[in-house]
Amino acid sequence: ETEFCSDINETQLSSSGTAEVFHWIFNESEKLANDSSHTISSANESGTYRLVLENEYGCISDTSETKTLTIYQSPQMETINPSSASLCNGESIPLYIPLRSGVSYKWYRNNILQAGANNNTLTIHKEGDYTVEISNEICSVISDPSAITVLSIPKPELNYTGVVETCPSGEITLELVDKLSGYQYKWSDGNTAVTNFQYSEPFENIKYWITRSKSGCESTSDTVKIETKSDLKEVFLTPFGPTICYVGCSNKNISQYRWYIDGELIDDETDKVLMIGKLQDSENIHVKLEVTDNLGCSASTEIEINENTDFKTAGNILPTLETRIYPNPNTGSFNLDLEGGYFGEVIIVIYDATGKEVFRERFEKTDYLRSNEYSLVLTSGLYAVQINAGTNIWTEHLIVD
């Protein structure tokens, strides 16, 4: 007795004898084709088979042994839908065949059984050749493969990542580091012309990225956020005068001042105030200032100083002074520095420990930095140095050994 499945397997009955006529008996009633062998593959050919030989003289042999063949119907062959597809990296697609009762399903990728894939549908995202095996209780068939390709677009890399700080007047050039041919590129602002892009707009709270694409698939770089690291967008200058002319800068957090008069750098003017002095009749002075703040950002501006300038008076600003005595302690010989935007009369008074005045001096401060040298005959002890400038008073202590 022999069992097999149709559509997949077939069997052949054959005789080793010699005869003129071969009588194949099927289910004891039907004579089959006259041949030394008989091929069987159809389910309706299940039954009993035996063979009788007849020679040229009409003599008939004894009958052969009876063979019983049981042929089971294989499941219907199905085609996977879709039969092929192209995916972008990260995408998925369902593969399916018609749902039929009485059968089970097994899915394979590149002839490897996929665990848990036992339905008539399978959602896939990997590249490969996918087949499905359809089985009834006895027989099974395997479909033709569905060829799936996955187009992976390399993630673009920019020359900056994360947060990039720049100056308000600066520019940032974002550049694609891995320039690959055969792809299209698009910046986050819609520009598709170049792989380098220069930004000089206000940057706060704006993120930038680039997208690389091909055949409908794309990959996007990490985002870059550009922020300004200082508020130095412009320089603010105020001219004071006209009796004594000077120009003051009111920007804060400035670490460097570079003053130019009529295009020439003034090396020894490195403070926030530029002393010009008294203007001559019809004199016109071109002043330029370049500043750098403590974050390294720079800006500049220019003004013209002449008799028609809208000067501010010293009363329009709060006079400031930084006072320094050095060396301290000393033997009575020391330096007193007065630095700041106050210009006008200054009175220096020194008092001993009992409150007695031991020294007084009056002078006109006309420079941003005024440095006086003193050599006084004083006994050892503690002294108070009082600096009177306009309506303000500063006090320093002086120690004489």
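This report walks through the cysteines of a predicted model and then visits one threonine.

## Ground rules

Because the structure is predicted, local features need pLDDT of at least 70 and side-chain atom pairs count only at pLDDT 80 or more, while totals for chains, interfaces and linings use all residues. Residues are numbered from 1 along each chain as its sequence is written, and side-chain values use heavy atoms, with hydrogens and water left out.

## Two disulfides

If a disulfide is taken as a pair of cysteine sulfur atoms within 2.5 Å, the count is two. Let's take them in turn.

One of them links Cys-88 with Cys-217, at an S to S distance of 1.8 Å. Cys-88 sits in strand S8 (residues 84–88) and Cys-217 in strand S22 (residues 217–220), so this pair ties together parts that are 129 residues apart in sequence. Strands (E, at least two residues) here are DSSP runs, numbered from the N terminus. The torsion about the S-S bond of Cys-88 and Cys-217 is about -85°, so the disulfide is left-handed. Are its ends buried or exposed? Cys-88 is buried at 12% relative accessible area, and Cys-217 is buried too, at 4%. Buried means under 20% relative accessible area, exposed over 50%, and partly exposed in between (1.4 Å probe, protein chains only).

## The second bridge

Cys-167 and Cys-297 are joined with an S to S distance of 2.0 Å. Cys-167 lies in the loop between strand S16 (162–166) and strand S17 (172–175), and Cys-297 in the loop between strand S29 (285–293) and strand S30 (298–305), so the pair ties together parts that are 130 residues apart in sequence. This link is left-handed, with -90° about the S-S bond. Cys-167 is buried at 15% relative accessibility, and Cys-297 is buried at 0%.

## A cysteine without a partner

Cys-249 is in no disulfide: the nearest cysteine sulfur belongs to Cys-297 and is 15 Å away. Cys-249 is buried, with a relative accessible area of 7%. Cys-59, by comparison, counts as partly exposed at 46% relative accessibility.

## A stop at Thr-323

Thr-323 belongs to strand S31 (residues 322–326) and is buried at 14% relative accessibility. What does the side chain of Thr-323 make a polar contact with? The partner is the side chain of Glu-396, at 2.4 Å. A polar contact is a pair of N or O atoms within 3.5 Å; within protein, one must be able to donate a hydrogen and the other to accept it, and residues adjacent in sequence count only if both atoms are side-chain atoms.

Contact in the wider sense means heavy atoms within 4.5 Å. Leaving aside neighbours within four places in sequence, Thr-323 is in contact with Asp-337, Leu-338, Ile-387, Trp-394 and Glu-396.

Note on methods:
Helix = DSSP H or I, 4+ residues; strand = E, 2+ residues; numbered from the N terminus.
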